[in-house]
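Here is a short note on this structure, written as numbered points. Please read it with the structure open beside the text.

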Amino acid sequence: MSKYVVVAGQNLQDVAIQVTGSVEGLIDLLALNGLDLADSLTAGQELEIPAVVDADMLDYIKSNSVVIATGQAPDEGAFNYDFTPDFE
């Protein structure tokens with residue numbers, strides 16, 4: 001099985017997109033590596049790579065040397081903040 005080496009600033013969602021072409025590969029990535037969604041990654045950490053989800057996106061990522069690294073920790077995601085709209 002192939003391995004992926006985590007780069008600085010990557011979280012689990014980033015790696016799922018980087019290696020499967022879609023965030024939909026996240027659950028397989030977690031299961032394959034015995035990880036939990038709240039786990040943090042460290043640069044240099046090796047992870048087993050699950051099956052490709054979106055081959056076209058993965059081809060784009062590879063052919064354009066895209067490195068997906070949002071730099072967000074699991075608890076800093078887009079949906080983990082207090083949003084109180086102000087409708088005046």
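1. A salt bridge is a side-chain nitrogen of Lys or Arg within 4 Å of a carboxyl oxygen of Asp or Glu. The structure holds one: the side chains of K3 and E48 meet, with 3.0 Å from N to O. K3 is in strand β1 (residues 3-5) and E48 in strand β2 (residues 46-48), so the pair ties together parts that are 45 residues apart in sequence. Strands (E, at least two residues) and helices (H or I, at least four) are DSSP runs, numbered from the N terminus.

2. This is a predicted model, in which local features need pLDDT of at least 70 and side-chain atom pairs count only at pLDDT 80 or more, while totals for chains, interfaces and linings use all residues. Residues are numbered from 1 along each chain as its sequence is written, and side-chain values use heavy atoms, with hydrogens and water left out.

3. Is helix α1 mostly covered or mostly exposed? It is mostly covered, with seven of its nine residues buried. Buried means under 20% relative accessible area, exposed over 50%, and partly exposed in between (1.4 Å probe, protein chains only). The buried residues of α1 pack against β1, α2, β2 and α3 (55-63); contact means heavy atoms within 4.5 Å.

4. The largest nonpolar core has eleven residues, among them Y4, V19 and L47. Such a core is a set of buried Ala, Val, Leu, Ile, Met, Phe, Trp, Tyr and Cys residues joined through side-chain atoms within 4.5 Å. Its largest share, four residues, comes from α1.
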